[in-house]
Amino acid sequence: MATGNITSAIDSLSAAIHCNIIPQHEYLLQGSILDSQVEHLLHRLKGLCDNVDAGPEPFHDHEVCFSLRAPNQATPTLLLRVRKANDVDAPYQLRYIGQQEVGDRTRPTLVRNSLDIACTSTVVEYLQELGCRIDFEYTNRGYMFRKGRMKITVSKIFKMGGIPTKPGETYTEAISQSYLVELSVLAPTGQDGIGKDMMMFAEQLKPLVQLEKIDYKRLGNIP
Amino acid sequence: MGVTILQPFPNLENKTGPSIIDFLSKRVIALGAQQVGHFLVDCETYTSVPQMSVQPKVVHVLHNSEHPASVFSILETGTKQIALVADLLFDLLILKMTPAYTSKKQTKIESKGPRFELGDFVIKLGIVSMSQTFKGVMVEVEYRPCLIPSMCWDLIREFMQGFMGSHVTNIIPPYFTTPSMMAPNQNKQNDIYQPIDTVQQYLEHFSNYRKLSNPPIMGMRN
Amino acid sequence: MEQLNSALISIKVLRSRVGQVFETLGSGIRLEHGEEGRETKFLMELQELLNAVNNNLRELESTTNGLTPAPFNLGNTSYLSQETTQERQALYSQLVNSYKWIDKIHEYSQLATQVLSGNGLKRSYFNNSNKRRRPLTSCHNVMPHAVDSILNNIDRSLSEMTIKVWRPFATNAIVHVILGRVLKAAFVFKGIMIEWITVKGFDENFDEIDDLWTESRHKVFRNVQNHTHSAMLHFYSPTLPDLAVRSFMVS
């Protein structure tokens with residue numbers, strides 16, 4: 001007979017928080033590259049990254065940004081993103097992104113709180129009924145690379161052209177003449193060493209693309 | 001994963017929870033079942049702060065030890081129910097919603113007890129308790145090979161009546177005669193059974209138990 | 001046997017003697033040889049040792065001559081022992097093993113024929129062809145499109161069932177059957193004869209097309225599989241009525 005003393009999910013979760021194994025910090029560097037030059041960058045990444053045996057891994061995501069506002073307050077209390085893969089059959093991704101941490105200035109990358117949660121397709125309706133407002137939405141198409149625990153995406157962002165009449169039939173137009181390049185790592189608390197690794201990697205992509213830590217506050221208050 | 005039927009076991013003779021569990025366990029073991037571990041289903045409820053909307057919205061967050069990597073959440077808006085299944089990290093996200101949704105700690109309710117296996121059946125005998133107060137006993141029977149409730153209800157009913165006697169009704173629980181969430185034009189009993197269906201049955205019974213709760217008992221505990 | 005033993009012993013002695021010679025040669029002139037005439041002393045010692053080697057060699061020759069010729073003939077296998085490449089030296093023991101297994105198979109097949117001759121299973125025409133004089137077409141050798149048309153007929157006549165045909169191994173078909181929302185089954189055909197059936201629950205997957213040996217997680221379907229196997233043997237006849245009968249039995 002099993003003598004299992006079953007622990008509640010909350011208990012095991014707090015134990016996990018205690019052991020620092022939950023990846024809830026995102027380290028991020030961003031940059032951009034012109035459409036005409038993106039081939040060079042893809043070539044460079046093919047040489048540097050791990051998952052290139054079968055060519056670069058394409059992705060095509062639809063992302064909707066929600067915000068939950070506390071009553072009578074201008075600033076949103078919670079920013080949420082729902083991401084859905086258009087090309088493969090995968091669970092929806094619900095993503096929470098927190099404020100960026102005001103660490104010391106010498107920190108090489110942007111650090112912010114982040115939670116990635118896979119969930120069922122009811123999530124959009126769920127969030128809307130919960131009281132969240134859709135801020136904006138877009139589709140994101142490009143390639144994903146992996147190097148160790150670093151994730152590199154090279155993607156183009158498209159506007160949603162009105163409400164699509166049928167699912168899968170979306171009219172979209174590009175938002176700019178360049179590709180967004182992101183270098184990110186999800187890690188548990190207290191692993192700041194990864195920032196240095198990311199800087200080293202970013203160095204190798206120069207001068208094609210300049211990956212930098214972007215200060216969102218300076219860009220103005222974008223929700 | 002198969003069809004699961006949840007059945008409250010009435011507490012007629014005012015016995016304690018463990019003694020009812022003991023009584024049922026003996027019967028189940030006499031049928032040839034073997035105990036395989038324990039199980040736990042818990043439910044926490046959050047309500048929206050009054051300023052958020054006119055009608056209060058209720059978020060139930062449930063965990064089921066049968067699906068240890070998932071969190072089940074059901075949002076009740078008053079007019080409809082929306083179910084969401086997500087990763088465990090969803091618990092952390094709920095905590096971040098505190099400005100808009102607050103939890104009443106004393107409404108946390110759970111069902112906990114031994115888990116038995118007998119051939120393709122799984123039997124779970126759970127003591128329902130709300131913040132340490134005994135509320136009743138619930139029996140969960142799962143028949144794993146089948147996915148369509150209407151096809152195996154008779155089998156499960158017969159099996160349940162075998163050890164619970166006439167407390168089990170002959171008609172399928174009302175939960176299964178409501179229209180299905182995935183396909184609105186057919187009943188749940190003819191649809192493919194999902195883990196969320198188990199959780200929704202639990203929620204239904206938990207809500208019933210909560211309504212039964214009379215304040216003096218709660219006061220006694222505090 | 002004793003002769004062989006003594007021959008082996010003399011080989012050992014010869015080897016150690018030769019080893020001694022080389023050792024002496026290798027260490028050269030030593031202190032024991034003293035100051036005077038040490039070269040001659042050393043040569044004497046060497047001479048002695050070589051004589052001993054000669055004696056041993058003669059001894060070995062005489063014992064080997066006394067050995068009777070090999071009692072059994074290994075045939076071409078004997079050349080295996082002369083193989084020099086490293087990776088092939090293990091071949092001999094493998095060969096011996098395979099002989100052992102062949103012997104075992106012989107034994108089992110003899111037992112099996114005894115049992116089977118007691119209980120006749122009509123899976124082929126070879127035994128009872130004298131009853132039906134007409135030259136029947138063989139069940140094992142049917143054109144693939146004939147099999148397909150038969151399966152299609154069955155598919156059309158049973159609405160509850162969906163059938164998918166795969167041919168991963170040349171002409172022989174593997175058929176996946178999904179019966180309502182209750183169960184899945186995989187049939188292995190040899191021509192038009194059913195050779196194997198695997199039954200699984202509706203929620204279980206056949207991971208590969210020819211994933212045929214993993215059993216269902218559920219006891220019910222393992223039992224159903226046993227029943228289908230007995231049905232398969234019972235209903236065996238050239239015109240394949242058993243698919244229909246089987247689905248009848250299940251639902």
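**View 1. C:Gly191 sits in the loop between strand E3 (183–190) and strand E4 (193–201) of chain C.** Strands (E, at least two residues) and helices (H or I, at least four) are DSSP runs, numbered from the N terminus. This is a predicted model, in which local features need pLDDT of at least 70 and side-chain atom pairs count only at pLDDT 80 or more, while totals for chains, interfaces and linings use all residues. Residues are numbered from 1 along each chain as its sequence is written, and chains are lettered from A and ligands numbered from 1 in the order in which they are written. C:Gly191 is partly exposed, because it has 19 C-beta neighbours inside 10 Å. A residue is buried with 20 or more other C-beta atoms within 10 Å of its own, exposed with 12 or fewer, and partly exposed in between; C-beta atoms are placed from the backbone. C:Asn172 is 19 residues away from C:Gly191 in sequence. In space, their C-alpha atoms are 6.0 Å apart.

**View 2. Helix H1 (residues 2–27) and helix H2 (residues 38–66) of chain C pack with their axes 9 Å apart.** Their angle is about 160°. Axes are lines fitted to C-alpha atoms, for helices over the stretch in contact, and angles run from 0 to 180 degrees between N-to-C directions. H1(C) and H2(C) are therefore roughly antiparallel, a term for angles over 145 degrees. The crossing of H1(C) and H2(C) is left-handed: the near helix is turned anticlockwise from the far one by less than a right angle. The contact of H1(C) with H2(C) has 14 nonpolar, nine polar and three charged residues. Ala, Val, Leu, Ile, Met, Phe, Trp, Tyr, Cys and Pro count as nonpolar, Asp, Glu, Lys and Arg as charged, and the others, Gly among them, as polar.

**View 3. B:Ser131 and B:Gln132 lie in the loop between strand E8 (121–130) and strand E9 (133–143) of chain B.** Most residues other than glycine have a negative phi. Phi of B:Ser131 is positive, near 35°. B:Gln132 also has a positive phi, of about 70°. B:Ser131 is partly exposed, with 15 other C-beta atoms within 10 Å. B:Gln132 is exposed, with 9 C-beta neighbours inside 10 Å.

**View 4. A cis peptide bond joins A:Lys206 and A:Pro207.** Omega is about 0°. A:Pro207 lies in the segment after helix H4 (194–205) of chain A.

Conventions:
Parallel < 35°, antiparallel > 145°, perpendicular 65-115°, else oblique.
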